[in-house]
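Here is a short tour to read alongside the sequence and the 3D view. Keep both open and follow along from one topic to the next.

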Amino acid sequence: MRRYAIALVLGAVLLSPATLADEFTAADVDRWQGEFDSVAKKGRELWTSGAVGTNGVACAQCHPNAANTHPETYPKFQKQLGKVAQLFEMVNWCIRNPLQGTALAADDPKMTAFVAYIYKERKGVPIDAGKH
Amino acid sequence: MSRLITRRSVIAAGATAGTLTTLPISMVRLAFGGTREDFSFTYISDSHIQQIKGASFVRNWDMGLKRAVAEANLILPEADFVMFGGDLAQLGKKDELDHGGEMLSHLKGKLHCVMGEHDYYLDLGEYWTKLYGPHWYSFDHKGVHFVVLNSIITTDEWTFHRWPRAEQRMLEMAGLDNPNGSPFMVGEKQRAWLKDDLDKVSKDTPLIVFSHSPLQKIYKGWNFWTDDAEQVQALLQPFKTVSVIYGHVHQIQYNQIGNISFNAVMATAWPWPYPDTYAQAGAHVPVLTVPMNRADPFFERDATGWQMIDVNSGRVTARYQLWDNQERVVGYDPKLGKPVDKRYQEAIVRKAPQLHY
């Protein structure tokens, strides 16, 4: 009887959607999209903020709607750096130079927000890594 | 002293400014008929002088305007006058207008200014007016009638009733891609003035109109747009020879709509992407336009510059002085009846850097 009960509980646990690795619901998808959107929204706030660097210049001054950033082309050979570079390195280039600020770590939440916003504005454009 | 300036000294001045560049200063003098004279003027625009704090300003934008002024002053023969196409300041502050105004004060020759939205939305142009006069006006020069419009006004509701503070109103309009902004327009009052002004001018007189925003509709999301463009165009169409020169877009654009030729001018501050490269936008960059080269951000002044405008028999030829890049020349072709790039108009001769995506 006890063994039967354990088997029942175990079965219930295994069947529970929360514990099955390959199961998710529409509500999960909405929640995950919401997480992304909130980070991209934070990225938009930083993009239009003069507070990222030291001189009040905002990314959006040269890149309205993150245009002319070409995220789909990274990693690519960046002729000015003389090597294959990632998108975050170019974001840092802009933070250091036109914004006269300090570079962010690749996994800094602010960098994640920047990159999320850039990709969101580029939605629908096919990946084309390496394209100049 | 100015009479002694030669092409070599212009190049030397460019080198002093930090870059070795040849500055094309040829001035084409075509034959003209009747009583009209051919002449040239210089056009500097969109300097966006931006205060950091106190006496500290963004160096990058300062350098653009300083360089344009220095080079424009070295042109020989001297241009007849200088136009400044608007957005002298970034946030319309007195300190910014004064700092930029001080640089413009070094220009040789008569200066005419156009109002930009960055000059306007803090105090609705009050301080700018003290420096440069009325927001819209006209003048005549060597047989050509010139009109300056303030094309960046918008609805009364947005201007007077939406924002609790003037500083916020300025910031909301300063963001090019800010959905809280509002479409530009010339407005009913100014259109009535324009009609009156043009009624006094013979339809055979060449007409050149200066505005900050394009008097044509390219992309509303970035205000590459004037909401009453068609109504303004209707007032200009009866003239045989009409050109509109506008700033705001920070890029080479040109177009022909009926009798009206359009030329955009470069910014001295920074370049903007062509709006059709924004993946989420529907934009209408004129098909006639051969774009400027894609900007190289590692060259601070690339894809910025200033213009020499030659006026031959009332038609405009824009000579784009592009720092760290080749000069571009876009002029009206009488045979084709539209402006064309003198070198790159045919698809077969265009260069890879002119392809934007």
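Let's start at B:Lys94, which lies in helix 3 of chain B. Please keep in mind that this is a predicted model.

- B:Lys94 counts as partly exposed because 17 other C-beta atoms lie within 10 Å, while a buried residue would need 20 or more.
- Between B:Lys94 and B:Asp119 there are 9.4 Å in space, C-alpha to C-alpha, although the two are 25 residues apart in sequence.

**Helix 2 against helix 3 in chain B**
- Helix 2 of chain B spans residues 59–73 and helix 3 of chain B spans residues 94–104; they pack at an angle of about 20 degrees, and their axes are 9 Å apart.
- Helix 2 of chain B is therefore roughly parallel to helix 3 of chain B, since angles under 35 degrees count as such.
- The crossing of helix 2 of chain B with helix 3 of chain B is right-handed.
- Helix 2 of chain B brings B:Leu65, B:Lys66 and B:Val69 to the contact, where they meet B:Gly100, B:Met103 and B:Leu104 of helix 3 of chain B.
- Sorted by class, this contact of helix 2 with helix 3 of chain B has four nonpolar residues, one polar and one charged.

**B:Tyr132 in helix 5**
- B:Tyr132 belongs to helix 5 of chain B, which covers residues 126–132.
- Is B:Tyr132 buried or exposed? It counts as buried, because B:Tyr132 has 20 C-beta neighbours inside 10 Å.
- B:Tyr132 and B:Gly101 are separated by 31 residues in sequence and by 9.4 Å in space, C-alpha to C-alpha.

**The buried side of helix 9**
- Four residues of helix 9 (residues 229–236) of chain B are buried: B:Ala229, B:Val232, B:Gln233 and B:Leu236.
- They sit on the same side of helix 9 of chain B, because they cover an arc of only 100 degrees around the axis.
- As background, an α-helix has 3.6 residues a turn, so residues three or four places apart point the same way.
- The cover over the buried residues of helix 9 of chain B includes helix 8 (188–199) and strands 8 (207–211), 9 (242–246), 10 (254–257) and 11 (260–264) of chain B.

**Where the chains meet**
- Chain A gives 18 residues to the contact and chain B gives 16 residues.
- On the chain B side that touches chain A, ten residues are nonpolar, five are polar and one is charged.

Terms used: Residues are numbered from 1 along each chain as its sequence is written. Chains are lettered from A and ligands numbered from 1 in the order in which they are written. This is a predicted model: local features need pLDDT of at least 70, side-chain atom pairs count only at pLDDT 80 or more; totals for chains, interfaces and linings use all residues. Two residues are in contact if their C-beta atoms, placed from the backbone, lie within 7 Å. Ala, Val, Leu, Ile, Met, Phe, Trp, Tyr, Cys and Pro count as nonpolar, Asp, Glu, Lys and Arg as charged, and the others, Gly among them, as polar. Axes are lines fitted to C-alpha atoms, for helices over the stretch in contact, and angles run from 0 to 180 degrees between N-to-C directions. Helices (H or I, at least four residues) and strands (E, at least two) are DSSP runs, numbered from the N terminus. Angles under 35 degrees count as roughly parallel, over 145 as roughly antiparallel, 65 to 115 as roughly perpendicular and the rest as oblique. A crossing is left-handed if the near helix is turned anticlockwise from the far one by less than a right angle, and right-handed if clockwise. A residue is buried if 20 or more other C-beta atoms lie within 10 Å of its own, exposed if 12 or fewer, and partly exposed in between; C-beta atoms are placed from the backbone. The arc is that of the directions from the helix axis to the C-beta atoms.
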